[in-house]
Structures are given as structure tokens and as C-alpha cells.
Amino acid sequence: MDKLKQIEAFVDVIEQGSLTRAALGQNITPVMLGRRIDALEKRLGVKLMHRTTRHLRLTEEGTVFLDHCKKLLHELDSAEKIISEGRHKATGHLVVSAPAAYGRKHVAPHAPGFLAEHPDVRISFNLTDRVVDLVREGYDFGIRIGGAIDPSFVAVKLATNRRVVCATPDYLRRNGVPHTLDDLEKHNCLAFNLQGGQQRGWYFQQNGKPVTLRANGNLDCNDGELLHRWACEGLGLAWRSTWEIQPQLASGELVTVLDDYALPDYNIMAVYPQQRNLPAKVRFFIDKLKAVYAQPGYWMQG
């Protein structure tokens, strides 16, 4: 028999002052309720109460045990209330991972507004271009831009994004416009190095199939913002996300090339482990980002 049901039966009978009234409140028979108390006394090896047809009287052991049981049930109710409220009210410590440049520009800046709306939350960010292990490293969720997602995780699309090859008009006038992927060999490609986590190359689609090309050039680094700056300075071709270069594309400072080979889907996603009840702190922060990103003109801001 369930220990908790035995304890609840014992406390309820004492508080109601009657086996019959307690049984009626629990929608069970007095006999069943009496069996639960008998099983509890047998398990403990002590008599908790003396029962007659008219009276209930606690033993000395029963008085001590009753006090502990009331405290236990109160703490259990409090714990359930806290957990239940956590599904509807954002509370606790929210730990988020995001790519470095993206996190600095499009995630962390929205934290103060979120905290003003949800003062019982504390947020920690880890901004890195390394693909972190969300479960092992203790993250509530991470921001991922494109790439394959483990099927044991949930991916929520935050915004539309593409990966494109871009350069300044001046660079293209001096070096020519690449028209095929083979033409990249003739150009100075600004790329992430091994420390930047993109040593495997640039990804494209050709004839409906994925293609990976090693990007070669005289400059590489592990920082996306620096690659962006080099591209705007006309130092070479860069493979960048539209979330980062949209203002420069709109102004004509940068133009795209090889668009026919661009990946069709490289969206910005919030990723978290599958779970039955997603904590409110995670759900609300993801909703906050989606709402901000959906604002007209948001991605045009420099």
C-alpha cells in the first residue's frame, strides 16, 4: 500500500475526528480507510491510535508521529505548488548558450526587458561559437543557426535566415564576380579557423545535393564580427548569415554572389532537450525573442 496514502489517511482521520467522515471526504469506504491505518501501524510496529465506534484517541507515539506527518504533507503541498507555478510563472535561474556575435547583438540585449517583466528570474549567458553539449553542460536552451539538430532535442524556429557569400562591390570590381563554386579558388576567402569551429569549410547546395568547400585566403580568425568587418573593408569574400549583414545588403555596402548555390534553410533556432513540461522561464524567453524578431524592420538595424 502506498506510504503517502497511509499517512494521508492517518492525518485525515484525526483531523476529521471520525473514520466515517474521513472516508466520505476521500470517497472511499471506512473499511478501506481503516485498512490503510492498520497497514501503517503494522509497518511502523506501533499503535498510533485507539479506535472505538464513538471515539478516537491518539497514543503517545501517535501524537509525535502526527506532528511530523502534518509537516511532511505541508512541505509536499508547498513543493507541488512551487513546481506547478513554475509552469505558469517564470522563476529560477535561466542558463542560455548562443553563438558569440549573435548572442551579443540579438540575445543578451533583450535580457533586461525580460527581467523587468519577470523579476524572479536570473539569467546566465555563455556566448561561444563552440557547439556546446546542452545537457551535459547544464544549459536550459541554446541558440543554433542552421546545421543538423539531434532528434532528441526540440528546435523552435525564431527567425528566417540564410547563409550567403558576400563582398563589397569594390572587391568584386577588382577581382571579378564568381559564378560557380569552382571560381572560389580564385578568390580570397575570409574564413573561420580551427579555433572558430568552422574548419570544415563552407556549405552549399549543388544539383540538389549538399556540397562542402574548403575556404582559402590570407586572413582567418575565430570571431564572426571580425570577418564581417574584413568583408566590409573589401578584403575578400565572406560566408555570412543574413541576420548579420542585412543592413549592409540593404545599403549596397555588401552584395551577395553565388545565390543559386546558397543553402535553402539555415534558420535561427532555439534548441532544448525534449521534456514533458517545459519550464516557464524557457518558454517565456523564447517567446520574447520570437516577438522581438518579428517586429517590422528589426533585422535592418545596424
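The model is predicted; local features need pLDDT of at least 70, side-chain atom pairs count only at pLDDT 80 or more, and totals for chains, interfaces and linings use all residues. Residues are numbered from 1 along each chain as its sequence is written, and side-chain values use heavy atoms, with hydrogens and water left out.

G146 sits in the loop between β5 (141-145) and β6 (153-159). Strands are DSSP runs of E with at least two residues, helices are runs of H or I with at least four, and both are numbered from the N terminus. G146 has a relative accessible area of 11% and is therefore buried. Buried means under 20% relative accessible area, exposed over 50%, and partly exposed in between, with a 1.4 Å probe and protein chains only. From C-alpha to C-alpha, G146 and Q206 lie 18 Å apart in space. In sequence, 60 residues separate G146 and Q206.

S241 belongs to strand β12 (residues 237-241). S241 counts as buried because its relative accessibility is 3%. Its contacts, neighbours within four places in sequence aside, are I145, N161, R162 and R163.

The largest nonpolar core holds 49 residues. Such a core is a set of buried Ala, Val, Leu, Ile, Met, Phe, Trp, Tyr and Cys residues joined through side-chain atoms within 4.5 Å. Y102, F141, I143, W202, L237, I268 and Y293 touch the most other members. Helix α10 (residues 280-293) supplies the largest share of this core, six residues. A second core of 16 residues is separate, and its members include V11, V13, L33 and L48. Residues up to four places away in sequence not counted, Y102 touches V107, I143, I145, W243, I268, Y293 and W299.

Axes are lines fitted to C-alpha atoms, for helices over the stretch in contact, and angles run from 0 to 180 degrees between N-to-C directions. Angles of 65 to 115 degrees count as roughly perpendicular, under 35 as roughly parallel, over 145 as roughly antiparallel, and the rest as oblique. The crossing of α1 and α3 is left-handed. A crossing is left-handed if the near helix is turned anticlockwise from the far one by less than a right angle, and right-handed if clockwise. From α1, the residues K3, K5, Q6, I7, A9, F10 and V13 meet L33, R36, I37, A39, L40 and R43 of α3. This contact has eight nonpolar, one polar and four charged residues. Ala, Val, Leu, Ile, Met, Phe, Trp, Tyr, Cys and Pro count as nonpolar, Asp, Glu, Lys and Arg as charged, and the others, Gly among them, as polar.

The other partner is helix α2 (residues 19-26), which packs with α1 at an angle of about 120°. Their axes are 8 Å apart. This makes α1 oblique to α2. Here the crossing is right-handed. E8, A9, D12, V13 and Q16 of α1 meet L19, R21, A22 and Q26 of α2. The contact of α1 with α2 divides into four nonpolar, two polar and three charged residues.

Helix α8 (residues 224-232) and helix α9 (residues 242-251) pack at about 20°, with axes 11 Å apart. The pair is therefore roughly parallel. α8 passes α9 in a right-handed crossing. G224, E225, H228 and C232 in α8 meet E244, I245 and Q248 in α9. By class, two residues of this contact are nonpolar, three polar and two charged.

Most residues other than glycine have a negative phi. N27 has a positive phi, near 60°. The residue is in the loop between α2 and α3. N27 counts as exposed because its relative accessibility is 71%. N207 also has a positive phi, near 55°. N207 lies in the loop between β9 (202-206) and β10 (209-213). With a relative accessible area of 76%, N207 is exposed.

N277 lies in the loop between β14 (268-273) and α10. At 39% relative accessibility, N277 is partly exposed. N277 and K290 are 13 residues apart in sequence and 20 Å apart in space, C-alpha to C-alpha.

Technical notes
Contact = heavy atoms within 4.5 Å.
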